[in-house]
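Keep the sequence and the coordinates open side by side. The paragraphs below go through sheets, helix packing and charged pairs.

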Amino acid sequence: MEHEAPLYDVLNYLPDGIVMVDERGVILFANDAFSEMVGLESTMLLGLNMLSLLADIDVFQACIEKVMREGKSLDAETNFIHRNGSIVQAVKSVRMIRHNDHVRFFVNVRNQTDLNRLNKELRSSKELIELQARELSSLLNSKNQELEEILSSIDEVIWYIDNQTLSLRYVNRAVEKVFGFSRENFLSDHTLWQQQIHVDDRNLVQIFFETLLPGQSQEIRFRILHNEGEIRWLNSRIYHHPTLNLFIGITSDITAPKAQGEEIAFLAYHDPLTLLPNRAKLKLQLESRFEHSAASPFALLFLDLDNFKNINDTMGHKIGDTILIEVSDRLRESVGKYDFCARFGGDEFVILLQDADTQSVDAMAQRLIHTFKEPFKVDQMDFFLSSSIGIVLYPYDASNVEDLIKHADTAMYEAKNKGKNQFVYYHASMQRAIHDYLHIESLIRDGLTHNLFKLYFQPLINTKTLQLEGYEALLRLPHPEQGFIAPDIFISVAESNGDILLIGKEVLSQACDFIDTIKALHDEPFFVAINVSSKQLHQEAFAKELLEYLNQRSISPTYLKVELTESAVMENIDIAGRQLRQLQAGGIRIALDDFGTGYSSFAYLAQLPIDTLKIDKSFILPLFESASNRHIVEAISNLAHVLGMKVTAEGVEESSHYDFLMENNIDTLQGFHLCRPLPKDQILQKLETKAPYFTPVSSFGYTI
């Protein structure tokens with residue numbers, strides 16, 4: 001048997017189940033694939049009778065008899081019983097082996113459960129598609145000349161369009177009178193009806209079709225442009241057919257001289273969703289105040305909902321619109337009788353107060369903040385919102401419409417930067433902050449245009465082997481005119497204006513160049529860790545494009561590690577989870593950076609495919625200022641190891657840090673005490689000369 005062990009080890013790598021039994025059916029060997037198939041460890045299988053695992057023992061006995069007669073069996077379907085009681089559908093074949101006067105039966109088992117289920121689902125999908133095709137074909141074939149004449153005699157426009165492309169599939173003759181184009185024009189140009197929708201109503205119509213669920217029927221009013229240039233109002237009752245993949249509509253021209261004048265006048269100055277005054281009405285209101293009460297001070301409050309975009313993106317515009325309507329109702333109830341409230345656009349609202357008394361303004365701002373204390377309930381779900389408010393005082397902060405809005409918007413963003421759910425008064429110093437922002441933005445554009453961004457690489461040392469484990473890629477911007485621009489300055493600007501996506505691509509490109517170079521000089525395994533922002537992580541194709549890029553560069557994903565912060569994950573944990581699982585499935589490791597400074601939720605640690613926790617340097621630097629700091633580091637290390645993760649400590653700047661972390665089972669270290677971040681050429685020089693990365697002054701005397 002000492003010569004058989006290596007062979008059995010090889011059998012454990014086979015995807016099919018392999019079982020060896022004697023004449024009585026007693027299991028002498030079972031590989032890992034078969035153990036997993038029946039839910040029992042191989043040690044538990046040894047000595048069991050094969051018949052105890054079969055749903056039908058007669059099938060196997062017949063197979064054994066056939067093998068005894070002919071020496072082997074053909075593939076045959078056999079059902080095994082899993083440990084949890086479920087049936088495992090499989091195909092097995094049996095061969096007889098004689099060894100040292102003993103008869104053994106070699107059984108090969110292939111799991112067919114998933115394949116059978118997939119085939120069943122494919123058959124069901126095919127039948128459903130064929131059924132839909134027959135229904136649509138029946139509908140189209142049943143249309144005859146008599147029905148066409150009836151539909152053509154009706155004054156309302158009857159039509160149906162494809163629910164995916166919104167291309168027109170049928171319309172009756174009534175469309176000619178309403179739109180001024182021939183029916184043939186519409187049937188030959190399937191998007192003509194969309195082109196004639198008033199430009200201000202196209203988004204409304206688009207949202208309506210996107211949110212109308214199969215089986216639902218609703219009405220919508222919108223404007224179109226007649227072929228002769230006049231605006232007409234239409235009312236459409238639209239039904240989303242659940243099986244034909246069609247929107248079916250009946251449309252009436254509701255344009256009448258009196259109704260048209262009143263409704264258009266109202267909608268010209270009011271938001272059609274919330275019915276609040278709109279931006280145009282706000283402008284008229286401000287201009288009127290300037291003209292008739294130029295010396296009378298007043299306050300303008302610019303209110304923006306915090307994180308409302310997340311609700312729209314995850315729950316859909318229908319729920320978002322419902323919440324906006326309730327927000328508008330609450331604002332109406334909060335403002336005074338002589339105050340003015342308008343929807344400025346999206347999730348932004350403007351309130352004009354009658355005077356500029358700061359005590360009254362403070363009270364109103366507090367009331368508006370309090371308005372969002374209660375959740376918004378939609379379809380039995382609670383949504384919690386808050387608001388950020390910027391306040392300007394006329395005429396002290398601005399004297400015209402444009403500056404009032406601009407300065408209030410600036411103050412609102414300052415409220416968001418301070419943590420949201422609060423109000424901030426405008427101050428002239430905020431303009432300086434905007435100037436600085438624009439200056440940094442210009443430097444970022446210079447860096448992207450002229451390839452100024454450079455990666456530095458800080459080694460990470462494995463505490464068990466005392467060997468280099470990998471590098472963290474750290475971005476630098478050495479501007480030729482402005483000097484060294486710290487990442488803390490330009491990263492936040494790049495994330496807010498979207499340039500972080502272009503910077504991220506540059507980081508990945510340089511990191512891969514570094515990997516290619518190091519591979520040529522260094523045989524030992526290593527990785528390069530790159531930092532990923534929330535904006536990158538929430539791009540729909542981020543993980544897919546990253547893996548494709550590595551494939552194009554012929555770089556194994558094992559050379560790359562992705563580092564992200566807790567806040568980036570928690571901004572939208574569902575999207576982040578999908579992206580990270582796709583990265584992990586592709587072979588990329590995941591590190592959670594700055595752990596302990598953000599949300600630190602145990603729930604998401606269990607949900608996400610995280611390989612490494614990085615303890616933030618804010619816990620490492622004050623290690624010996626109090627015992628609690630050391631306890632926190634020990635607790636994080638223990639938690640990570642219990643969850644099967646590794647632990648990296650950053651900010652190792654003193655020998656005492658180094659000694660403590662080495663003694664407390666931290667897996668990987670990085671910091672200035674070990675090695676500062678180095679440019680690529682200095683890393684290469686150390687590799688070529690085999691110079692150590694660091695020689696810590698420590699009681700242990702380690703040299704790496």
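**Salt bridges, sheets and a helix pair**

Arg173 is partly exposed, with 33% relative accessible area. Here buried means under 20% relative accessible area, exposed over 50%, and partly exposed in between, with a 1.4 Å probe and protein chains only. The model is predicted: local features need pLDDT of at least 70, side-chain atom pairs count only at pLDDT 80 or more, and totals for chains, interfaces and linings use all residues. Residues are numbered from 1 along each chain as its sequence is written, and side-chain values use heavy atoms, with hydrogens and water left out.

Which residue does Arg173 pair with in a salt bridge? The partner is Glu176, and the closest N and O atoms are 2.9 Å apart. A salt bridge here is a side-chain nitrogen of Lys or Arg within 4 Å of a carboxyl oxygen of Asp or Glu. Glu176 is partly exposed too, at 27%. The whole structure holds 25 salt bridges.

Another one joins Arg445 and Asp499, at 2.6 Å from N to O. Arg445 sits in helix H17 (residues 429-449), while Asp499 is in the loop between helix H18 (487-497) and helix H19 (500-521), so the pair ties together parts 54 residues apart in sequence. Helices (H or I, at least four residues) and strands (E, at least two) are DSSP runs, numbered from the N terminus. Asp499 is buried, with a relative accessible area of 6%. Arg445 is partly exposed at 39%.

Now look at helix H21 (residues 542-552). Glu548 and Lys544 both lie in this helix, four residues apart, about one turn. Their salt bridge has its closest N and O atoms 2.8 Å apart. Glu548 is partly exposed at 37%, and Lys544 is partly exposed at 44%. Elsewhere, salt bridges with shared partners link Glu472, Glu563, Lys614 and Glu650 into one network.

Next come the sheets. Strands of a sheet pair through backbone hydrogen bonds, either parallel or antiparallel. Two strands count as paired if DSSP finds at least two bridges between them. S3 and strand S4 (residues 87-99) run antiparallel and are joined by six bridges. Ile81 stands opposite Ile87 in S4. Contact means heavy atoms within 4.5 Å.

Strand S22 (residues 560-565) pairs in the parallel sense with strand S21 (residues 527-531) over four bridges. Lys561 in S22 is the bridge partner of Ala529. Five bridges join S22 to strand S23 (residues 589-595), again parallel. There, Val562 stands opposite Ile590. Is S22 mostly covered or mostly uncovered? It is mostly covered: five of its six residues are buried.

Last, a helix pair. The axes of helix H13 (residues 308-315) and helix H14 (residues 317-334) come within 7 Å and cross at roughly 145°. Axes are lines fitted to C-alpha atoms, for helices over the stretch in contact, and angles run from 0 to 180 degrees between N-to-C directions. H13 contributes Phe308, Ile311, Asn312 and Met315 to the contact, and H14 contributes His317, Ile319, Gly320, Ile323 and Leu324.
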